[in-house]
Amino acid sequence: MTENDPIIQVRDLAFSYNGEPTLVNVSFDIAEKEFLAIIGPNGGGKSTLVRLMLGLLDPVQGRILVHGRSPKKMAHCFGYVPQDVNINIHFPISVIDVILMGRMRYQGRRRISTEDRQKAMESMGMMGISGFENRRIKDLSAGQRERVFIARALATDPEILILDEPTAGVDSSGKTELYHLLKQLNESKTIIVVSHDLMIVSSYVKSVACVNRHVHYHPSNEITDAMMDMGYQCPVELVAHGQPHRILKIHGDF
Amino acid sequence: MANRTGYLKSMGIFSVIDALQFEFMRNAVVAALFASMICGIIGSFVVVNRLVFLAGGIAHAAYGGIGIAFFFGIPYIYGTIGVSLAAAFLMTAVAVRAKNRSDTFIGVLWAVGMAMGVILLDLTPGYHADLMSYLFGSILAVPSADIWWMSGLGAVTLAVTIFYYRDILAISYDAEFAKLRGVPVNLLYFVFIALVAVSIVFIIRVVGLILVIALLTIPPYIAEKYVRSLMMMMILSVILSMLFNMTGLWVSYNYNLTSGATIIMVAATGFFLSLGVDMIRSFYRKTAK
């Protein structure tokens, strides 16, 4: 496998929920060290696409290959930050135990080693939540919880980092900080982020996939009118973000 | 001397020693301690995974097993374990596949199991155990053999929990992520559900259906609020459960009340006390701000 082989290949992919097609005829490649944003309207299939890549769902048609193999076999390559970090919020679990979940191994059961703890501490440091290890998860703010979940994904030492709407509970300075960090991580990792925030998308990512049953893959970070239309229903956002200079190619059939 | 005995008795000290001279009372105490251990661990799993309704369903459906056992003349324990495992797996399979309507399905099995038990007992000639003893158990009439069974079950529960603690924690908190990390989520889930089903059967035999549900839910519910880990939740639940059981047994012995119901009332008192403490605490926290 050469340097330029895609890390993820999606071919003729289709998926449906209860007979309702959510993704149709999807094909694209994601290159190594890519920084991809997945955008699109709610219910357009963004999270479904991500879950298919992770191997958490099985395609109805077509296939996804990660390094040429099925995603289920390559699950250890992924660091995943789920959309909802508030699930099970009252669960009695401390921050360190959540992050140590990221150190669970693919092969069988194993005790937590010193190395695992070091790695966990390291990723906490990266996310600026050092000293929180013994806090209970419900006692954190939504933004802090988000950081814990990203730290958990980083603790897996992933080749590909997938974040599903990571900025939902984060304020705007927090967002910039987060994307700054992602950009740094991108030097060594492939990053896929589902986002609503087109402005941030345009200034940090390298490529964009628009998802609305079909997927349009744009190998550069330009934001088109069509993307604006599907990303936002609200025209105020459009104006506020001042789309002008980035409008380039417009794709057809949304 | 008579006065002194009366005084000690009113202090409770004498009556405990007094009571423990009876074998049935010693058996009751040991059975209650084992039931506490099993319920504290299994109950914590049930509560954090929101399986209380499923546990209730298993416990009630298992009554069908009693009917089958009497009707076909097979040993009681095979009937109940068979039916409770079957019910547990069916309910879990439905819960995994069709999440949004699984509660209805559990409700149906719950009712069908009980009805089947009642009808099969109707059809079986001769005298047999009544519904009341199934509901409230008979902790004061625990045979020694049952204590051996419970100690075995307790050992298995403890071993599985310690061995798979990290995995149980991961699948209970975030099953999807656990799956990505290669934890055999479905397999472990079914193993634990099986453990829940078997525990329920054994403990019903000792303390009755209603007390099983109380012991599975009340101590873990109280414990969850004050701990930072599932492990601590399990330990605190076991301790609370033992406390409720012992206090309940002592009260029921002294005032000649039905033991199972008394233990439940003691646990319920603990439950409402903890709610009250929480309300006072949050009130003071608000005024402090």
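1. Let's start with a pair of strands in chain A. Strand β3 (residues 35–39) and strand β8 (residues 207–212) of chain A run parallel to each other and pair over four bridges. Two strands count as paired if DSSP finds at least two bridges between them. One of the links joins A:Ile39 to A:Cys210, its bridge partner in β8(A). Strands here are DSSP runs (E, at least two residues), helices are runs of H or I of at least four residues, and both are numbered from the N terminus.

2. A word on the model itself, before you look further. The model is predicted: local features need pLDDT of at least 70, side-chain atom pairs count only at pLDDT 80 or more, and totals for chains, interfaces and linings use all residues. Residues are numbered from 1 along each chain as its sequence is written, chains are lettered from A and ligands numbered from 1 in the order in which they are written, and side-chain values use heavy atoms, with hydrogens and water left out.

3. Now widen the view to the sheet around that pair. β3(A) and β8(A) belong to an open sheet of six strands with mixed pairing, in the order β5-β6-β7-β3-β8-β9. The edges are held by β5 and β9 (214–218) of chain A; each has a single partner strand, so one side of each is left without a neighbour in the sheet. From one strand to the next, the twist averages 15°. Helix α4(A) lies across β5 and β6 (160–164) of chain A, at about 170° to β5(A). Such angles run from 0 to 180 degrees between N-to-C directions, with axes fitted to C-alpha atoms, for helices over the stretch in contact.

4. Chain A also has an open sheet of three strands, ordered β2-β1-β4, with antiparallel pairing. Here β2 (20–31) and β4 (61–66) of chain A stand at the edges with a single partner strand each, so one side of each has no neighbour in the sheet. Strand β1 (residues 6–17) of chain A pairs with β4(A) over five bridges, and A:Ala14 has A:Gln61 as its bridge partner in β4(A). Helix α1(A) packs on this sheet and touches β1, β2 and β4 of chain A, where contact means heavy atoms within 4.5 Å.

5. What ties β1 and β2 of chain A together through side chains? A:Arg11 and A:Asp29 form a salt bridge, their closest N and O atoms being 3.0 Å apart. The term stands for a side-chain nitrogen of Lys or Arg within 4 Å of a carboxyl oxygen of Asp or Glu. A:Arg11 lies in β1 and A:Asp29 in β2, so the pair links parts that are 18 residues apart in sequence. Over all chains, the structure holds 12 salt bridges.

6. Finally, see where the two chains meet. The contact takes 34 residues from chain A and 28 residues from chain B. Together the chains bury about 2900 Å², 57% of it on carbon and sulfur atoms; buried area is the accessible area (1.4 Å probe) that two parts lose on being put together, summed over both. Three salt bridges cross this interface. A:Arg152 and B:Asp174 meet in a salt bridge with an N to O distance of 2.9 Å. On the side of chain A that touches chain B, α1 (46–54), β5 (78–81), α2 (95–100) and α4 (142–155) of chain A each supply at least two residues. The largest share, three residues, comes from α2(A).
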